[in-house]
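Subject: Structure handover

Hello,

Here is the structure for you to look over. My notes on what was found follow below.

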Amino acid sequence: MPTITVPDAVYQRLAARAAAAGTTVEALAVPALEYAAEVPPAETPNDVPFVVWKQNYDAMTELFRTTMASKLPPGFVLDDSRESIYEGCGE
């Protein structure tokens, strides 16, 4: 059977949790390892076509504007432009 190396501190926390649950470290860890083996890695912005990324970004900013509108001061304008984000960085 293959083995993996786990840092001692992590193993001690797993052992304590397993003991509290009345099980073994292996029984506690195997479901998490199976999940990690089956779930595809998260997409990075480079993996998503720009058009889809832009739609998601616009939806996210619109959600922010609609859910936060009542919590912001009157007349607040969110400046999320590239120029304002990088203002003063290495110029």
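Start with Lys-54 and Asp-58. Their side chains meet in a salt bridge, with 2.9 Å from N to O. The model is a predicted one, so the distance is computed from its atoms, with the cut-off for a salt bridge set at 4 Å. The two residues sit four apart in helix α3, so about one helical turn separates Lys-54 from Asp-58. How exposed are the two partners? Lys-54 has 34% relative accessibility and counts as partly exposed. Asp-58 has 35% and counts as partly exposed too. The salt bridge count for the model comes to one.

Next, the charges overall. The protein carries 6 positive and 13 negative charges. Their mean positions lie 7 Å apart.

Helix α3 runs from residue 50 to residue 68, and Phe-50 is part of it. Phe-50 is exposed, because its relative accessible area of 58% is over the 50% limit. Which residues make up the nonpolar surface patch? Phe-50, Val-51 and Trp-53 do, and the patch covers about 330 Å².

Now the fold as a whole. There are four helices and zero strands. Read from the N terminus, the order is α-α-α-α.

The dimensions deserve a look. The radius of gyration is 23 Å, whereas a compact globule of 91 residues would have one near 12 Å. The C-alpha trace spans about 60 × 30 × 30 Å along its principal axes.

Burial is the last item. What share of the 91 residues counts as buried? The figure is 4%, where buried means under 20% relative accessible area. The accessible surface of the protein is about 8,200 Å². Carbon and sulfur atoms account for 61% of that surface.

Best regards

How values were computed. Residues are numbered from 1 along each chain as its sequence is written. This is a predicted model: local features need pLDDT of at least 70, side-chain atom pairs count only at pLDDT 80 or more; totals for chains, interfaces and linings use all residues. Side-chain values use heavy atoms; hydrogens and water are left out. Patches are made of residues with over 30% relative accessible area and no salt bridge: like charges are joined within 9 Å, nonpolar side chains (Val, Leu, Ile, Met, Phe, Trp, Tyr) within 5 Å. Accessible areas come from the Shrake-Rupley method with a 1.4 Å probe; for residues, only the protein chains shown count as cover. Buried means under 20% relative accessible area, exposed over 50%, partly exposed in between (1.4 Å probe, protein chains only). The radius of gyration is taken over C-alpha atoms; the globule rule is 2.2 Å times the number of residues to the power 0.38. Lys and Arg count as positive and Asp and Glu as negative; His and the chain ends are not counted. The place of a charge is taken as NZ of Lys, CZ of Arg, CG of Asp or CD of Glu.
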